[in-house]
Amino acid sequence: MTVRYDIEAMSCASCVASIEKTLQKLSGVTATRINLIDQRLEVDFDPATLSTEAIEEALKKAGYPPKPIDQMSEEILDIEGMYCSACSARVAKVLNRLEGVREAEVNNLTGKARVVYDPAKVGRREFRQKIEAAGYELIDPVAEPRQKSKTSIFTPEIITVIGFSALLLLVAMGPMIGLPLPGVIHPDVSPLNHVILQMVLLAPVIYIGRRFYTTGFRTLLQGAPNMDSLIAIGTSAAILYSLYNAYLIFQGQRHHVHHLYFETAATIIALIKVGKTMEELSKRRTTQAIEKLMDLTPRTATLIIDGEQKPIATDEIRPEDILLVRPGESVPVDGLITEGLSAVDESMLTGESLAVDKTVGSEVFTGTINQTGAFQMKATSVGQDTLLSKIVQVVEDAQMKKAPIARLADIISGYFVPVVIVIALAAALIWYVIRQDIPFSLQILISVLVIACPCALGLATPTAIMVGTGRAASHGILIKSGEALEKAHSIEQIVFDKTGTLTEGQPVVTDFINRSSYETDQLLELASSLERLSEHPISRSITSYHEGRLPVEDFENTLGLGVSGRVDGRQLKLGNDKLIPQAKDLPATYKAQVHMALDGEFVGTFEIADPLKEDSVAAIKRLHELGIETIMLTGDRQAVADALAKEVGIDRVIAEVLPTEKAGEIDRIKQSGRVVAMVGDGINDSPALVSADVGIAMGSGADIAIESADIVLVKGSLTKVSDAIALSKATIRNIKQNLFWAFFYNVLGIPVAAGVWYALGGQLLDPMIAALAMSFSSVSVVTNALRLRTIKLKGL
């Protein structure tokens with residue numbers, strides 16, 4: 001069983017490690033997945049031995065109260081026309097009576113209703129009907145940004161904390177740098193007033209930064225300290241030491257006014273609050289690719305009922321509804337065209353720039369744009385079942401799954417904060433023994449605690465994966481996990497299935513060889529008329545080549561040989577050389593051959609092939625440019641496979657392989673120790689896709705959920721295989737840069753803060769500079785990950 005939670009108190013890699021440690025102690029937990037960026041937790045557990053209540057209680061005790069993500073939907077409805085409690089009671093009553101509604105609460109003062117419901121059974125359409133039937137009006141929601149955080153750094157909290165910290169810094173440091181202060185607050189003239197003013201200016205800063213203390217000390221007491229603990233200990237040390245000196249000032253020892261560090265605590269909190277806000281804004285930008293996909297769904301559509309057009313909210317559309325889509329409008333849900341012709345821009349889903357022609361029976365997908373003619377469509381998939389929703393879900397799932405490269409950072413993060421606290425205490429103690437100077441030792445303690453940054457370590461991998469998978473999704477490449485993304489960058493060999501992957505998967509007639517004195521058109525008319533009665537794919541290729549309408553009698557389909565019958569009164573046979581022995585002496589060819597005999601005379605041969613996809617040659621060439629060996633795996637005869645491989649540029653051929661043997665062939669290829677990918681259609685090739693190190697499925701809308709594939713190419717070009725590998729290489733390179741910076745920063749910064757540089761004759765690091773450096777380290781890691789959105793890659 002799996003439960004999902006939002007963990008708002010989770011802010012750094014140490015938090016992640018603490019949560020994992022807490023859950024690992026619970027008997028019955030089988031797996032955990034944590035997304036630091038989205039503050040999301042998934043827990044797999046055995047319900048026979050563990051309850052969700054126990055999981056939630058353990059998380060709460062650890063300082064990370066969970067917010068369950070219910071499988072039910074919750075929606076806030078705006079209702080107009082309610083003026084008293086009787087109105088709200090009436091609306092609540094009609095909503096609660098609906099099947100599928102678990103709970104409905106209505107507040108007439110705000111004009112809002114909160115409804116918890118099962119979207120499979122009920123939705124806004126039923127809510128609207130019941131509310132309007134009761135005499136009230138349901139107001140459609142106004143479009144709002146989907147970002148979870150503020151879009152500006154200058155929030156009221158930030159402005160307040162910066163303002164009070166700046167004033168405090170001015171009051172505390174002004175006299176030291178020559179800035180005049182009025183005598184009434186000057187430290188040398190009125191030390192008592194000076195210290196009172198500093199404490200007054202500090203109070204709002206501490207209140208705004210109170211989360212550092214509530215969370216930091218709670219996790220510290222529970223034995224799982226995080227970044228908040230470091231900030232809380234460091235600033236508390238400065239505040240407590242300053243309060244001690246303030247007490248001495250109140251006792252008349254005026255000279256202690258020069259040993260106050262209130263401004264240090266305030267500035268540290270201000271800088272870190274600003275840094276965390278910038279980091280949060282940057283993290284939100286890492287999800288913009290997915291947010292843009294989510295925003296593709298139009299809010300309204302045009303419903304056709306009894307021939308009349310009616311505006312309808314998109315979330316009220318049901319399967320089988322008939323909808324009208326005009327030129328320039330976005331397709332509201334997935335469906336099939338029932339009337340009309342058009343060209344539809346699907347670039348937002350597939351990355352393909354050319355519009356796709358659509359006719360009656362063609363599939364259309366949510367968020368794509370109708371460019372030319374108007375058409376009517378029948379809704380087939382709505383809500384979470386649309387292709388767009390599945391793409392978003394696949395990418396969000398991928399962002400929940402850690403890449404192996406993140407494990408080292410996770411291990412280090414688990415020990416990071418306790419080790420930093422030990423280093424800070426040890427450094428402060430050593431310097432006190434050496435210098436017998438409490439303010440100096442306090443500065444060392446605070447600097448070490450504040451400069452250490454587990455956040456940079458924790459953000460190094462997930463930010464890059466989020467940007468990388470988001471960019472891939474916007475180009476029709478769905479990477480299902482961080483592990484698949486990491487493995488893809490190491491691919492050395494790619495095995496291609498032939499039919500439907502390198503080729504179109506549909507046989508076509510490439511030539512007809514007339515071996516008689518009859519007119520070619522006459523023979524084609526006879527042959528296609530006979531083949532029209534057969535359902536075999538090769539028969540369909542002949543009828544597509546030429547459409548015959550002559551009468552047929554005595555039709556017979558002989559399994560493994562061909563077809564025969566009387567066409568327009570003449571005896572006709574179409575089949576292989578066993579059915580038409582006169583063709584046995586013909587030279588071998590890699591194409592399939594269908595021979596024709598008219599009234600016993602061998603009169604012609606159809607040559608049939610499964611043509612290459614337009615981009616197959618270009619795709620193989622680009623893989624060769626990346627230094628990747630290509631292999632074709634097929635059930636065709638060796639001669640046919642060799643000829644096709646030569647045409648497309650494939651390096652090796654493994655032919656005459658049964659579908660059940662493909663997985664075994666992949667295992668044999670892997671014995672060389674190289675990283676092997678398999679590219680197939682995702683249906684017949686499922687065992688081989690699983691056997692490969694990386695399975696890549698050429699998917700259509702129905703294939704998105706293929707479990708056997710690690711990467712799915714949505715309705716796209718075969719060249720996207722190299723695009724996926726190139727993006728994987730860029731993402732892993734970015735992750736390594738982030739990890740290097742995060743490790744380098746801490747390895748260099750902590751010793752400098754501990755006084756090593758000072759001992760060698762350098763400057764002592766000021767705690768406020770340490771706080772600035774710590775904030776910069778996290779922001780720089782996220783900013784580097786954001787480069788993946790714009791970095792130039794061939795094909796993307």
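Trainee: What should I know about the model before reading it?
Mentor: Residues are numbered from 1 along each chain as its sequence is written, and side-chain values use heavy atoms, with hydrogens and water left out. Because the model is predicted, local features need pLDDT of at least 70 and side-chain atom pairs count only at pLDDT 80 or more, while totals for chains, interfaces and linings use all residues.

Trainee: In what order do the 4 strands of the open sheet stand?
Mentor: Helices (H or I, at least four residues) and strands (E, at least two) are DSSP runs numbered from the N terminus, and two strands pair if DSSP finds at least two bridges between them. Strand β1 (residues 2–6) pairs with strand β3 (residues 40–45) in the antiparallel sense over 5 bridges, and D6 stands opposite R40 in β3. The pairing in the sheet is antiparallel, and the order is β2-β3-β1-β4.

Trainee: Why is one side of β2 and of β4 left without a neighbour in the sheet?
Mentor: In the order β2-β3-β1-β4, β2 (29–35) and β4 (67–68) stand at the edges. One side of each lacks a neighbour because each has a single partner strand.

Trainee: Which residue meets R124 in a salt bridge?
Mentor: A salt bridge here is a side-chain nitrogen of Lys or Arg within 4 Å of a carboxyl oxygen of Asp or Glu. The partner's side chain meets that of R124 at 2.7 Å, N to O, and the pair links distant parts of the chain, 49 residues apart, with R124 in helix α4 (residues 124–133) and its partner in strand β5 (residues 73–80). R124 is buried (under 20% relative accessible area, where exposed is over 50% and partly exposed in between, with a 1.4 Å probe and protein chains only), since its own value is 3%. The partner, also buried at 16%, is E75.

Trainee: How many residues apart in sequence are the parts tied together by E316 and R128?
Mentor: E316 and R128 form a salt bridge, with their closest N and O atoms 3.0 Å apart. E316 counts as buried at 6% relative accessibility, and R128 is buried at 18%. E316 lies in the loop between β10 (308–313) and β11 (322–325) and R128 in helix α4, so the parts tied together are 188 residues apart.

Trainee: Is M176 buried or exposed?
Mentor: M176 is placed in the loop between α5 (156–173) and α6 (191–208). Its relative accessibility is 58%, and therefore M176 counts as exposed.
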